Amino acid sequence: MKITQEIPAGVSNCFLIIRRVLLLLLLYALSRYAFLRFNHDLFGKLPLNEVWPFFKGGFRFDLSAILYLNALYLFLALFPLPALYRPKAQRLLKALFVVINSIALAINTMDFYYFRFTLRRTDFSFFKEFKGGVETGKIILESMGQQWPLVLFWIILTILLIVCYGKMKKKLMVIRPWYFYTTRTVVWLLMVPCVIIGIRGGVDRTTRPIAMSNAGAYIRQPIEAGIVLNTPFCLIRSSSQKGLIRQSFFASQEELDAVYTPLHSGDSTGFKDYNVVVFILESFAKPHITGYTPFLDSLMQRGHACTNAFANGRKSIDALPSVLGSIPSLTEPFVLLPYSLNHLEGLGTLLGKKGYHTSFFHGAPNGSMGFDAVVNMLGFDHYYGKTEYNRDADYDGFWGIWDEPFLQFFGQTLGSFPQPFVSALFTVSSHHPYKLPEAYRDVFPKGPEPVQECIGYTDMALRRFFERAAGEPWFSHTLFVFTADHSLSGSMAIPVLYFFPGVIEPQTDPQLTQQIDILPTILSYLGYDQPFFGYGKSIFDGRYEPFALHYSGYYQLLRGDRLFQFDGREAVGEFDDTMAPDMEFMKAFIQQYNNRLIDDKMRVE
C-alpha cells in the first residue's frame, strides 16, 4: 500500500535533532564563559592556554547533562510513529524541549552567584541541608532579585533556545509504510547507544559513568572544578547518593581530637629523600596469592611484611584515595562524592613540596575509571597510560596493556626521571575475564579461582621488572611498597609490604594495618618533617592501638582481637563494656571523616 502525505524528510529531521543538541552545547559553553566573567576575581587572570582545558573537559559534562535531561525528548522526537510528526505533537515536543532546558539553564546560571559562597557547584546536598521547600524557594527568589543581570542573561539564553529551535522540512512524498517504519526505526535504534555513550562520558568498557570527581583531570586546584562542571550535571549525579551527615558525637573539637585526629605532626629525625615506588596490584587478595606468587613471597621474606593487613574498600576506585591519600571509602566510594574535589594533599602533593618528580602509571586506556582525575587531585603531575605506551600490539583487548611489557615500560621510564621521584603503578592483567598472553597459556599454576593463574603472570612480570631495575642507578635509593587494590573475599585481607634492601630490616609484622596507613608509613620511613593529613596511622605510630576499618552495610572496626560493628547510631551484634573504647573511637573517626569532608578540611592549614 502507498501513502501520499506531507512528511518530514528523514535525514534532514535527524540532522535537525543533532543541531538542537549542538545548540544546547553552545549555550552551556556561553554559560561557562559567563561564569568565568562573573567570578573572575576568584580565579584571577587566566591565559587562553589555561582556559582551554576547562572548556575541553566541560564538553563531556555538558553533553552528559544534556542527554540526561533530554532523553525523553530524543526518544519521542525520533520515535517511528507518524502521529508524532503532526503540528500539534511537534508543538508539544518543542514545549518539552524549551521547558526542561530553560529550567536547567536557570539553575546553572543562578549558581554563578551561589558559587561565590560555597566555592563549589551546587549538588543535591543543597536540598538536604535546606529541608522543606519554603526556605529553598525564598533563597532562590531573593537571589534572583539581587542578581538581576543573571536573570537577564538567562532570559537571553532562553530566547536563543526558542528562536534557534528550528522547524522540520516537509515535502509531499509517496511512501510505503514499510519504508517509513524501517528507516526511522534504524535511526531511533542508532540514537539509543549514542545517548548512553554520551551520558557515560566515553565509549571504552573501562569508562564508568563520569562523576564530579572526573573534573579533577582538567584542573590544578579544586576551585577550578566549578569552571569545568555544570550545575545540572552535579545535581543529577548526586541525587542518588546518600551523602554524609554532619555528626556531633563529641561536643568540642578538643574532646574529639583527644580520642582520634587525622592530623599528623611530622617526624623530627631528619628527612631522607629516598625515591618511592608504590605497586597497587589488581585483585591480589591475600587468599588468592598464597602459593601463586613466588616472587612476591621472596620479597616478603626480605622486607617489612605486614601479615595482618586489610583493604578499606571493595572496588578498584576505592584503592587510590586509600593508598595514595590515606582517605578511606565508607558509606559511599570517596571518588563518587562531591567532596572528592576538596583541597586534598596526597602522597604526590606532600612529596612534590620536597621537590619530588611525581608520576602515576596504569596500562588501561587513559581516563579509565577516572584514575587520571583522582591521581591529579592527589598531586601526581605526570600520567602514563595506554596512550603513552603507544604499542597496541600489547593490548589485551579488554582492560589494557599486558602487565609484563607495561612493567618493562615502567622501569625504563623511571630511569628517565630526575631524582628524587615518587611513582605509583596500578596493574591490570589479573582482572576478569582473566586472559593471558598466548605465550603464557598453561605456564602458571591454576587454582580453584581463574584469577590465580593471572596473578601468577603478574608476579612473573614483577620479577622481570626487578631484574631490570636492579641494575639502574636509582634502585639502591628507592623504597618499594606493595599492596592490593581490594579483596575478592569477605575477609578484606590483602598483602602490604615495605621493601628497601639495606635500609629496611626483614621482619614479619603481625600488627593490624590497612591501606590508609600506607601514606603515613611511607612518610615515617622518609622522616617527613612537616605536618600532614591522613586518616590512617604509621605502623610506627604509637598514638593509637593499631586498627583496621571498613564499611559493609555498617561500620566495622578491628582492634586487637575485637570486632566492633556500628550502624551510625548504636552497636550492631554483641557488645559489652570492654568495647566501650571501641565505640568512642568509632564515633570519633566517623565525626572526623564526615565533618572534615563536608567542611573541606582535609589538609593541614
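Ile518, Leu519, Pro520, Thr521, Ile522, Leu523, Tyr525 and Leu526 are the buried residues of α21, where buried means under 20% relative accessible area, exposed means over 50%, and partly exposed lies in between (1.4 Å probe, protein chains only). Helix α21, which covers residues 518-526, is thus mostly covered, with 8 of its 9 residues buried, and just after it glycine 527 takes a positive phi of about 70°. Helices here (H or I, at least four residues) and strands (E, at least two) are DSSP runs numbered from the N terminus. This is a predicted model, in which local features need pLDDT of at least 70 and side-chain atom pairs count only at pLDDT 80 or more, while totals for chains, interfaces and linings use all residues. Residues are numbered from 1 along each chain as its sequence is written, and side-chain values use heavy atoms, with hydrogens and water left out.

Helix α15 (residues 316-325) is also mostly covered, since 10 of its 10 residues are buried, and among them are Ala319, Leu320, Val323 and Leu324. Just after α15, serine 326 takes a positive phi of about 55°. Leucine 324, leaving aside neighbours within four places in sequence, is in contact with residues that include Val278, Phe360, Phe380 and Leu519, contact meaning heavy atoms within 4.5 Å.

Leucine 324 also belongs to the largest nonpolar core, which has 171 residues and in which Phe279, Leu324, Phe482 and Tyr498 touch the most other members. Helix α1 gives the most to this core, with 10 residues. A nonpolar core is a set of buried Ala, Val, Leu, Ile, Met, Phe, Trp, Tyr and Cys residues joined through side-chain atoms within 4.5 Å. A second, separate core has 7 residues, including Leu436, Phe444, Tyr457 and Met460.

Leaving aside neighbours within four places in sequence, methionine 586 is in contact with Leu549, Tyr555, Leu557, Phe564 and Phe566. The C-alpha atoms of methionine 586 and tyrosine 260 are separated by 9.0 Å, although the two residues are 326 apart along the chain.

The elements that give two or more residues to the patch are α1 (10-38) and α8 (148-163), and the largest share, 8 residues, comes from α8. Isoleucine 162, placed in helix α8, counts as partly exposed because its relative accessibility is 36%.

In one of them, the side chains of aspartate 529 and lysine 354 meet at 2.7 Å, N to O. This pair links distant parts of the chain, 175 residues apart, with aspartate 529 in the loop between α21 and β13 (532-533) and lysine 354 in the loop between α16 (347-352) and β6 (357-362).

How values were computed. Salt bridge = Lys/Arg side-chain N within 4 Å of Asp/Glu carboxyl O.
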